[in-house]
Every structure is written in C-alpha cells, then in structure tokens.
Amino acid sequence: FIDPSIDPCRDFYKFTCGSLFKKTFDTKLVSLEALVGKEVEDQTKKMLQKSVDPNEPKAFQALKKFFRACMDEVTIERDATQTLKDVLGNLGGLPLLESKWDERKFNLENLMIKLREYGYEYMQLFYFGTTVGEDDKTLLIGEPIIKNVEPDYVDSYYEFLRKVSELVGVKTSTAEPELKDLLNFKLELLQIVEKSGPFQKTTIRNIQKEFPLLNWSRLINKIIHPNKEQSDDQEMYFPSVEYLKELGVLLKNTANRTLANYIMWQTIESAIPYLPHEFSHLKEKYPRAFYDTNHDASTKTRLSYCKNEAKRIFPPVFELMYITEYFPRERRQSIKDLVSIIHMELMNLLNETELYDESTRKIMLEKAKAITYHFGAPERLFEDGLASRLFTKDENVETNNFLTLASILLRQRANFRYNLQNGVNRYDNYYEETTLVHSFYEPYRNAFVIPAASLQGLYFNENRPQYLNFGTIGTIAGIELIRGFTESGSKFDKDGNRAETWTKNTDQVFSKKTDCLVREASFFEIEDSILRMDGRLILEKTTCDYTGVEIAYRAYNTWVKIYGKEAQLPGLNYSPRQLFWISSASTFCDTISLDNLKQFIVEDHQVHPTFRVFGSMTNNEHFGKDFNCTIESPMNPAIKCKVF
C-alpha cells in the first residue's frame, strides 16, 4: 500500500494508503476489509466447488451437491415443479388441485409429522425450537413465525397466492373461493399471533389436559426424532394460553379442506427458493406483500445466490466446512496468544489511566477480567467428530435434485437442532457467522468475537512477522475492546447488564480530557471538501481509535520483550516498529466518494479515514519517535490529546 514518494511525517495516510488507491479505478471503492472480503468470497466459492469426496462427512457431501444443483438452472427449470407436485401428492395431496380430495382422511397432526420427516416446512401453526441463555437446553414450542401481510397489501398478496397456485397446476378460475378461504385463515391466524401473551412453562401432561387440540406427546416426539424422547412429565415451554385458546376456536370453525390448503400453501411458499425462476419472479413482482423481500434479488449473480443459499440452509455445515478448510488449529492458537497480550495491555492501561478514580478503576478492571473471547467460530464447532454428527448415518445423499437436497439438509438441520445433548455455550447461539470479515466487541455480553474470516489474508497470518499482525488485527482488537471502557461502555457491567459503572468524578474527567479530541476532529480539514466532522458526535469512535492503536503498540513491545526482536522485511528500508505503524494505519485505508461524503460525515456521523490515521498517530508519542519526525511537523505536534 505504501507510497514512498510521500513524507510519512507530513501525511501518514497518503504514505500508507497511496499506492493502494493508485492501483484502483476512481469509481471502485477499496479498503483493507473489502480486499479481505473479496478473498473470503473466493475461498467460499472454491470450498463449495470442490469435488465431492465419498470419504468426507455426509454433511459436506450434501452441501456441495446442493450448491452444484443450485447452479444447474436448466435441470431446476425442467424438474423442480414436478418434484414439488410429487411431494404434495405423497403428503396427501393439495385440495386445490384435487376435486376428489377426501376430507375424512385428513389429520392435522399426521400432516405436520410427515412434513417434518420429509424435510419441508412444518411450523405453520407452532414454532419448534430450543431455549437460548439457560444453563440447560430446553424444548420450546411457540406461536408460528408468519410473515405479516399489511392491510393495504392484502390484494397484492392474494394476487401472488393466485399466480403461484397457477404454476403448480391449480385452475384458479374455479378455485377462487378456496383461495380466499385460505387467505382469510392466514389473516385470522395472524391476528391471533399478534395478540398472544408470553410463553408458559409446563409439562406435556398438563398441556394435553388443558388444550387437547392434538396428541402433544406424539407430535413433540415425532418432531424431535431421532433425538431422545420426552416424557409426559417433562417441563418445556409452550405457547401462551391466549394463543392456544384462540387457535382452538379457529381450528374448530375451519373446514379440513381449508386447513390442508393453508398448510400446503405455506409449504409451497417456503420452497420457492428451490423452484424455477418464474416462482421467485412472482415474489419480486409483488414486493409490497412481503416485509423481507430483497428488491435486488434479480440483480444478484446465480453464483452469489447459490453461495448464500448454501450458507443459509444449514449454517453449522457451512461454517464447519470453512474452518476445516481455512482456519487451522495453529492459526487459532496463534491468535489466542496474540490477544492474550492485547488483553494484558488493556488491563495495564486501565490500571494506570488517570481517567478513572479508584472506585471506577476497580469496576473496570473486574469487567476487563470478565471479557469472554470467541476465536474463529463458536466453540462447539471445534469439537472432535462434530462433522460426522451433523447428519444421521442412514441419510442417503445420492441425488442431484435441488429440491430433494434442500429437504435433506433441512431435515438434518432439524435433527441437529433438537439434540438436547449437544453442548451449548449460551453465547454461541448469538454468534453464527464465521465468514464475517470484521471483529467486534458486544457490550450486552461483554464479549469479543474474532470470526475466522477476519483472520485471513492481509489481516492475519501466523507465519509472517508479528509487527504486521499486531499492526492489523492487534489494532482492531484494541479498538474494539476499549469500547467497553469508554463513556458508552460504562453503561454496561461485567455481565453485560445495563448499569452506571462510572462515578460522577470519572464522567467529569472524561468530559475534560476529551475536549481536545473534540476540537481536533471538528477543525480537521477533509481534502477537496468544505464538510467538517462534528467532534462531539464522533468522540466515541475517535477515542477508541487512538486508544486501540496505543494498546496494540504496547502489546507488540511486550511481545518483543518475551520473544526477542524481529528482522526487517527484505527489500524494505523500514524498521519493525515503523512497519507496525504502517500495518496499523493500513486498517484505516478506505475510499469515500465525494458523492457519498455528506451522508458518511453529516448523516451517519462516521470518522473520515484520513482523520482515523491522523488522530491515532499524531496523538501517540511513540509514532513521531519511531519515524524521527521533528516536533511540530504535521504528524508530530508538540501538544497531544490524551484520554486514557
């Protein structure tokens, strides 16, 4: 990235990032995160395109085949609709399609069980899941999650329903009354869901006695099969009393034919991502009928779409494939070692700072000690043998049919979901993204997450000099971690609960110390623009930037004391410490077009990348010394802002 024609003591941002921008077109936005993001995109593509190995876990085989089947649009267009119609027939038939459909043979409970066994949508009337945040994983049955239909868009949704029905063979000219009954049932169910109350925790036996809508024990145990059967005296969460009462009335007043049409319709709607283009095009044609419609779906490449579907359909498989391929155990241990030194220097900084009085210092040190770290992925993904446990042994994946492969993956995802014996860290459930390319601190959990993707390429490599790693991922870690100890971070205690942890004295000292940063940011001139940042509105970000860089620099020096000095990079006339600063500043390299500058600065209250480098380096006494910048040169002012 370096542009050696620029004096680092005059403009360290242009010196560090200049060559990167020269190598890109003016219209192409670029940053370190974008470059790593592109690398991760390429990695996931190669991962999914690899040949299927019959000796690899079935879950991996199935996901690769799913991706390939998704890319085979010709076969999808030819076969998928008929596959869906065959499935509907095996499930008992879609009444809209069958004039001789026998209402007496319909059994709601059996249909829900069959749908679960086939790998299709089965949560039309009840949501099935497990609890998060409790010491023991518990089954949870709740109200269904239904996409809302706004009153103004009911007609639009009906048109969508009618057009999709035509695609599966329904003669809508004669089926209009049934279609309207189906829609009315959905709208009534939505009203019941909206006014329902909190979950109730009780036993299967009690819920059966109070609400005998169906055989609860049989339904629950068939849904969670092949996992451990639940006894009638097992406590779990059930829908609210209000919902069960109202649902009972609705079911009693609804013909079986209408109920079956609704259940099957929801099954068809959930299968649209795996059907020919004409189905998804209808969803795009009536966007106002849906809250979650992606209006840009039609502009996505098929490759991008299929990668996203592979990631969405069974996330743990995708994540496990990624860390198996691109996150070796050595890298995980290396980042743990680096972050342990970052954490130590964070503790030292909090212990030394003049910002805190002793009462605040004690609370902040306790909070720092309690930080939870997540390296690469949720801890459970590193369990030995997990890949082989994601699929049951008897699952047959010998097919290339897209819809069939989707149903296999969804069925196995449910099997894995209801396994109450799976060890679950209460925090793992909040963090499912191994392919995020940015690390982050979460104040509500007092946790720092470093996804595997953020440890790729230019961000981190265990085999390169540590001054580069401390400069990039070390700087990012320092910036994110200090967020828990600034003014906004003071609103949360060590357990992530809302609390006032600073004394009034610390608040006053913080306000006084940050005046310097506020003035500096507010008067900073952005090249080719008359716009100015509001130093007060970006104070949190600027404080974290400059303090995070300081923590990373301290941590690298500590590493050198432990392991010894490192050699310079061959061919570059820069010392290890100078390369630390270059590496650190590179994390801020970014292009903001003049067209987007007003929104970036004035509306979104972001810090301009040039100031992120300027503020972080000019306010650090070590930077000027390491680059031999004279006092009062642009990058080494005599007066420096200091908060911590």
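Is Lys186 buried or exposed, and what is its relative accessible area? In this predicted model, Lys186 is buried, with a relative accessible area of 1%, and its side chain meets that of Glu269 in a salt bridge. That pair belongs to a set of 29 salt bridges found by a search of the whole structure, a few of which are described below together with helix 10, whose buried residues line one face of the helix.

**Helix 10**

- Helix 10 spans residues 241–252, and its 12 residues reach 17 Å from the first C-alpha to the last, which is close to the 16 Å expected at 1.5 Å a residue.
- The buried residues of this helix are Tyr243, Leu244, Leu247, Gly248, Leu250 and Leu251; seen down the axis of helix 10, they fall within an arc of 165 degrees, so they line one face of the helix.
- The face of helix 10 that is turned away from this buried side carries Lys245 and Lys252, both of which are exposed.
- Among the elements that cover the buried residues of helix 10 are helix 5 (108–118), helix 7 (172–194) and strand 3 (200–203), together with helix 8 (204–210), helix 9 (216–224) and helix 11 (256–270).

- In the salt bridge between the side chains of Lys186 and Glu269, the N to O distance is 4.0 Å, and the pair links distant parts of the chain, with Lys186 in helix 7 and Glu269 in helix 11, 83 residues apart.
- Glu269 counts as buried at 4% relative accessibility, and Lys186 is likewise buried, at 1%.

**Salt bridges involving loops**

- Glu379 forms a salt bridge with Arg332, in which the closest N and O atoms are 2.8 Å apart; Glu379 lies in the loop between strand 5 (372–376) and helix 17 (386–389), whereas Arg332 lies in helix 15 (residues 329–352), so the pair ties together parts that are 47 residues apart in sequence.
- The relative accessible area of Glu379 is 44%, making this residue partly exposed, whereas Arg332 is buried, with a value of 10%.
- Glu395 and Arg411 also meet through their side chains in a salt bridge, at 3.0 Å from N to O, and this pair joins the loop between helix 17 and helix 18 (402–417), where Glu395 lies, to helix 18, which holds Arg411, 16 residues apart.
- Glu395 counts as buried at 10% relative accessibility, and Arg411 is buried with a relative accessible area of 17%.

Notes: Residues are numbered from 1 along each chain as its sequence is written. This is a predicted model: local features need pLDDT of at least 70, side-chain atom pairs count only at pLDDT 80 or more; totals for chains, interfaces and linings use all residues. Side-chain values use heavy atoms; hydrogens and water are left out. Helices (H or I, at least four residues) and strands (E, at least two) are DSSP runs, numbered from the N terminus. The expected span of a helix is 1.5 Å times one less than its number of residues. Buried means under 20% relative accessible area, exposed over 50%, partly exposed in between (1.4 Å probe, protein chains only). The arc is that of the directions from the helix axis to the C-beta atoms. Contact means heavy atoms within 4.5 Å.
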